[in-house]
Amino acid sequence: MSMSLSLSLPYISTSFLFPPTFQYTHGYSKIFAFWHHRGRERLRPASMVKGPHGFFRVSSCSSFRGERGAAEFESGAEEEEEESNSDEEEVEVEVEVETEENWNFGSCLLPDRWDVLGLGQAMVDFSGMVDDEFLNKLGLEKGTRKVVNHEERGRVLRAMDGCSYKAAAGGSLSNSLVALARLGSRPIGGPALNVAMAGSVGSDPLGGFYRTKLCRANVQFLSVPIKDGTTGTVIVLTTPDAHRTMLSYQGMPSTVNYDPSLASIVSKTNILVVEGYLFEFPDTIKTITKACEEARRCGALVAVTASDVSCIERHYDDFWEIIGNHADIVFANSDEARALCHFASKESPISATRYLSHFVPLISVTDGPRGSYIGVKGEAVYIPPSPCVPVDTCGAGDAYASGMLYGILRGVSDLKGMGTLASRVAATVVGQQGTRLRVQDAVELAESFAFHYDSSTIRSDVSSDHISSL
């Protein structure tokens, strides 16, 4: 596949405040050495069996006691994953899921090693359609994201009583991990992928619901529930004009502790993905640092998601401490990339991509319907957008990241091809209602990918020189 790139570096005004300068010590070759190693490695996929609690349908507006920050559930009918079109489920009846006493890794036989471990927030999403009058009555500004306490969360959910809304095991990172697990669910172009997540989840019913839903999607949640903890939630209110207003309740406590169990999991991981929202919690920075250090010590790649512009602005130094010293891959959208560079909004995403690629081996920057960029060593590969009829743009960036990770794990050295796959995954999610890549769509994408990138184009001897020559 031929492509042409401009080798000239972008003009960067001295009026901008630059990120702190870091000496990049672990080299561009690491990410490609990983590809070489991964090409020869055959991981044993995890066997999956149905657990004692089955699969669950979540339940009713009125069952959510917002003032206490808890929900009541009772067990629902089982159904097979392949028969469901969405992980979001209508809230209609009360159901009950496992609590801390009967929680275990339960229904899943764990593999010896993980292809990807995500470290992030465990959040249950409540999504509903409302009108402008509803937002005005509650004093909510349309199109914004706001962190709320449990009293505010309860007030909004009580106002939604009688409305039809959906619950899902949500969060940006879990969207990416589920899509990746579904893309890699079958040995197409390589062994089936083993995907896991660690983070803070409460011992409350919402925590049980979250773990069950992830396990059902072949993503194992490996952290033990926090006793008497409250699982975080995000209320997503969508108006008829497609604007989304998000209310995030972080949960109590929200910190992720670096204990021997987490250290052991990280040491058996090929790629560690750190969710940017974790930077919101000061005590979690120490955990992120230790996890990245352990991952690097064991030869794993470290990826960081930028997550949110306001989060970057509030924790700018912490982001750069991790990105500059530990990250091999960074996922961001154009606004987040500019925020990391301290660039003005008039600066192009290609300039931000090129600039960031001097600090991190691989940069992925999405720019909505205009396409995306992959940056390596001061160069940027433009990836055209995949055609689709937009239905719901929420989760597009998460899906794109899953496509990039899938390409890396399959050992593909062609950045243009990898970016094209990621763009197609994102377009598939944008063309549906809901943030999760559906099972059948994932299988078709993986089969198409394997067909176009057979063993003759999947390199096992990738080098930084080869990538920069693109």
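1. A residue counts as buried when its relative accessible area is under 20%. In this predicted model, E280 has a relative accessible area of 15%, so E280 is buried.

2. E280 has a charged partner. The side chains of E280 and R314 form a salt bridge, 2.5 Å from N to O. The pair links distant parts of the chain, 34 residues apart. E280 lies in the loop between β12 and α7, and R314 sits in helix α8. R314 is partly exposed, at 47% relative accessible area.

3. The structure holds six salt bridges. Another one joins D335 and R338, with the closest N and O atoms 2.9 Å apart. Both residues belong to helix α10; they are three residues apart, so about one helical turn separates them. Here R338 is buried at 10%, while D335 is partly exposed at 44%.

4. R370 and D367 also meet in a salt bridge, at 3.0 Å from N to O. R370 is exposed, with 52% relative accessibility. D367 is buried, at 9%.

5. Now the strands. β14 (residues 329–333) has four of its five residues buried. Strand β13 runs parallel to β14 and is joined to β14 by three bridges. T305 has F331 of β14 as its bridge partner. β14 also pairs with β15 in the parallel sense, over five bridges. In that pairing, N333 stands opposite T366 of β15.

6. Helices α7 and α9 pack at about 5°, with axes 11 Å apart. They are therefore roughly parallel. The contact includes I285, I288 and C292 of α7 and I322 of α9. Its residues divide into four nonpolar, three polar and three charged.

Notes:
Residues are numbered from 1 along each chain as its sequence is written. This is a predicted model: local features need pLDDT of at least 70, side-chain atom pairs count only at pLDDT 80 or more; totals for chains, interfaces and linings use all residues. Side-chain values use heavy atoms; hydrogens and water are left out. Buried means under 20% relative accessible area, exposed over 50%, partly exposed in between (1.4 Å probe, protein chains only). Helices (H or I, at least four residues) and strands (E, at least two) are DSSP runs, numbered from the N terminus. Two strands pair if DSSP finds at least two bridges between them. Axes are lines fitted to C-alpha atoms, for helices over the stretch in contact, and angles run from 0 to 180 degrees between N-to-C directions. Angles under 35 degrees count as roughly parallel, over 145 as roughly antiparallel, 65 to 115 as roughly perpendicular and the rest as oblique. Contact means heavy atoms within 4.5 Å. Ala, Val, Leu, Ile, Met, Phe, Trp, Tyr, Cys and Pro count as nonpolar, Asp, Glu, Lys and Arg as charged, and the others, Gly among them, as polar. A salt bridge is a side-chain nitrogen of Lys or Arg within 4 Å of a carboxyl oxygen of Asp or Glu.
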